[in-house]
Amino acid sequence: MSGDTNMPAEKQIKPKAFGPVSKGYPLIDGKIHIAGRAVEDWIGEIGQTPAFLYDAALLDQRVTDLRAAMPERLAIHYAMKANPFAPFLRHMIGLCDGIDLASGGELEMALDNGAQPSHMSFAGPAKTDAELKLAIKKGVTINLESEGEAERCLAIGHSLGIKPRLAVRVNPDFDLRGSGMRMGGGAKAFGVDQERVPGLVRHIIAAGAHWRGFHIYAGSQSLDSDALAETQAKTIALAAQLANAIGVAPEHINLGGGFGIPYFAKDKPVDLNIIGEKLKRQFSNLPVILKDCKFAIELGRYLAGEAGIYVTRIIDKKISHGEIFLACDGGLHHQLAASGNFGTVVRRNYPIAMASQRDGAEEIVNIVGCLCTPLDRLGDRVLLSRAEVGDLVIIFCAGAYGASASPVNFLGHGPAAEILLNDKNDQ
């Protein structure tokens, strides 16, 4: 009978695919592990769900692999907007060569957690005078987003008697092919259109500012290794073109980032060796005006994303029109991106699993949160190991744009716990 809701859901509903579980989370004796222990054991020790668990050893490995593949000359910066959790941030400050900021609040957090101002750069539109003043006083490099921002920096620097450290964020006439979010090409809120850059740089040099160089960021979340390498080559060529037009060699060029991670079914990870080898060839044949320049890439999601998981507990299990719903104590107020409400057009399932796997028993289920909105869905018709009330659900790729990028105050459920595991700096 079609109205028999006791029929197994998997016979009525076709499952939807979800993304691949990244390395570092082995299944041992039916239990998913992180940082050498079962997730269930960590949650038992913490005594709270929902919770974000981050593995410092996975952060270390990601940076180690990146350095091994990239040219030795290339500095690695952490874009802290990906995850500003204080222990996490301290760990990344120790691992990376620089920190990239996007607000005065992030600047203060970076200072509080040991970052050196000379290793910081500050990008983003609509910086306030108070933010610019703090950055100039501390000696942070400001990536200028407009001519108006340049004038305000020059005026603030003059009033303080400090020569501001200024770079120009360039809006290039190209974007990153295959990127999830295009940051260059066409009319953009970010950066100065490339044809106006030489005049602006000559102006800020003449005004007595310390011109640092260029910040050129064409896109983000690309899994196309050839496209990433192609964009780096275009960025270097554009930097040389601009420097020659200015007549002064830049000290520093931020090549942007854009390295993606595999969130969804059929996604394949970036091939670092392809990017690294092509960039090494670029560096071996630099235009003369860039021979002594320092280069960096800024990465947030790529460094942080796969090093964290979000763990939530099943509070209720119900059937509605033949579909199973597992209602959890977490949701989009902590993990907005996994719900499909953070920059995606079509909702797709993040990597997801039950913390404990029951032998051979699977169900097609919907994983929903505790908020009274149909948007609060963490898993849409996913085939998982059979679960009961009290079991734990894991959402992977939760190390970036999780807790700090979600509406935690919505409906007053409060924040999730955040724990950095394997952090040798805190032992």
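A cavity here is a set of points, on a 1 Å grid over the protein atoms alone, where a 1.4 Å probe fits but cannot get out. Grid points are joined across faces, edges and corners, and a volume is the space filled by probe spheres set on the points.

Two notes on the source. The model is predicted, with local features needing pLDDT of at least 70 and side-chain atom pairs counting only at pLDDT 80 or more, while totals for chains, interfaces and linings use all residues. Residues are numbered from 1 along each chain as its sequence is written, and side-chain values use heavy atoms, with hydrogens and water left out.

The largest cavity holds about 70 Å³ of space. It is lined by 13 residues, and L228, T231, Q232, L255 and G257 are the closest to its centre. Lining residues have an atom within 4 Å of a point. Which helix gives the most to this lining? Helix α8, residues 225–246, does, with four residues. Helices are DSSP runs of H or I, at least four residues long, and strands are runs of E, at least two, numbered from the N terminus. By class, the lining has seven nonpolar, six polar and no charged residues. For that count, Ala, Val, Leu, Ile, Met, Phe, Trp, Tyr, Cys and Pro are nonpolar, Asp, Glu, Lys and Arg are charged, and the others, Gly among them, are polar.

Next, the core. The largest nonpolar core has 124 residues, and Y78 and F214 have the most contacts inside it. Helix α8 comes up again: α8 gives the most to this core, with eight residues. Such a core is a set of buried Ala, Val, Leu, Ile, Met, Phe, Trp, Tyr and Cys residues joined through side-chain atoms within 4.5 Å. Buried means under 20% relative accessible area, exposed over 50%, and partly exposed in between, with a 1.4 Å probe and protein chains only.

Last, the backbone. The peptide bond from T49 to P50 is cis, with omega near -5°, and P50 is in the loop between α1 (39–46) and β4 (51–55). H321, a residue other than glycine, has a positive phi, near 50°. H321 is in the loop between β16 (308–320) and β17 (323–328). Is H321 buried or exposed? H321 counts as exposed because its relative accessibility is 77%. Y401 also has a positive phi, near 55°, and is in the loop between β21 (392–395) and β22 (417–421). Y401 is buried, at 15% relative accessible area.

Key: 1 Å grid on protein atoms, 1.4 Å probe; cavity = no way out; pocket = protein on both sides within 12 Å on 5 of 7 lines; lining within 4 Å.
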